[in-house]
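This report concerns the packing of one protein model. Please consult the sequence and the coordinates while reading.

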Amino acid sequence: MLLDPPGMLLVHLLPHWPYLQAVDAALVGRGIPPGAVRISRSGREHGELMTMRVYWDASRTGGHGGARLAWEEETGWEYALVGLAQDQVILAGQIGALHRIYASSEDVAEVAERKVRTWRRPAGDFHGEWEQASRVRAAIKTFRQPSP
């Protein structure tokens with residue numbers, strides 16, 4: 001389970017934090033907690049783009065290496081299957097089965113479980129949106145407004 005607040009970061013500077021918490025809880029609920037989590041935002045000069053990444057090294061996967069999922073608020077989820085070294089990408093791409101930028105946390109966990117345990121694509125398509133997506137979108141919009 002993630003720290004709250006996340007280490008030395010201030011939660012009010014990360015309006016997408018509740019989404020990562022929901023995804024993390026769903027992953028833990030399936031018995032596949034990530035070994036590392038990174039959450040960030042670009043600076044104002046780059047539009048304050050919100051991102052998150054979750055990683056599983058080879059010791060946590062059923063494949064021949066590790067796996068990682070990455071989320072960007074403009075493009076949604078993508079994956080990478082990696083070798084024993086995290087920079088050795090074997091296969092990567094968008095997760096086409098997740099049709100929403102803010103896919104439901106359970107749908108993300110379903111896709112992650114398949115990638116982590118078998119290195120395979122999940123069966124089916126997932127169209128559900130996370131129930132608090134509009135709240136996080138509003139928080140991001142408010143965060144981006146210039147302060148008086």
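In which helix is S105 found?

## Basis of the model and S105

The model is predicted, with local features requiring pLDDT of at least 70, side-chain atom pairs counting only at pLDDT 80 or more, and totals for chains, interfaces and linings using all residues. Residues are numbered from 1 along each chain as its sequence is written, and side-chain values use heavy atoms, with hydrogens and water left out.

S105 is found in helix 2; helices (H or I, at least four residues) and strands (E, at least two) are DSSP runs, numbered from the N terminus. With a relative accessible area of 10%, S105 is buried (buried means under 20% relative accessible area, exposed over 50% and partly exposed in between, with a 1.4 Å probe and protein chains only). Leaving out residues up to four places away in sequence, S105 touches A22, V23, A26 and W130, where contact means heavy atoms within 4.5 Å.

## Crossing of helix 1 and helix 2

The axes of helix 1 (residues 17–29) and helix 2 (residues 105–118) come within 8 Å and cross at roughly 50 degrees. Axes are lines fitted to C-alpha atoms, for helices over the stretch in contact, and angles run from 0 to 180 degrees between N-to-C directions. The two helices are therefore oblique to each other, given that angles under 35 degrees count as roughly parallel, over 145 as roughly antiparallel, 65 to 115 as roughly perpendicular and the rest as oblique.

Helix 1 contributes Y19, A22, V23, A26 and L27 to the contact, and helix 2 contributes S105, E106, V108, A109 and A112. These residues divide into 8 nonpolar, 1 polar and 1 charged (Ala, Val, Leu, Ile, Met, Phe, Trp, Tyr, Cys and Pro count as nonpolar, Asp, Glu, Lys and Arg as charged, and the others, Gly among them, as polar).

## Nonpolar core

The largest nonpolar core has 37 residues, of which Y19, W56, L69, W77, L98, Y102 and V108 touch the most other members. Such a core is a set of buried Ala, Val, Leu, Ile, Met, Phe, Trp, Tyr and Cys residues joined through side-chain atoms within 4.5 Å. Helix 1 provides the largest share of this core, 7 residues.

Apart from neighbours within four places in sequence, V108 is in contact with Y19, V23, L69, W77, L98 and A103.

## E72 in strand 3

E72 lies in strand 3 and, at 26% relative accessibility, counts as partly exposed. Its contacts beyond four places in sequence are L49, M50, T51 and I101. E72 and L49 are 23 residues apart in sequence and 7.4 Å apart in space, C-alpha to C-alpha.
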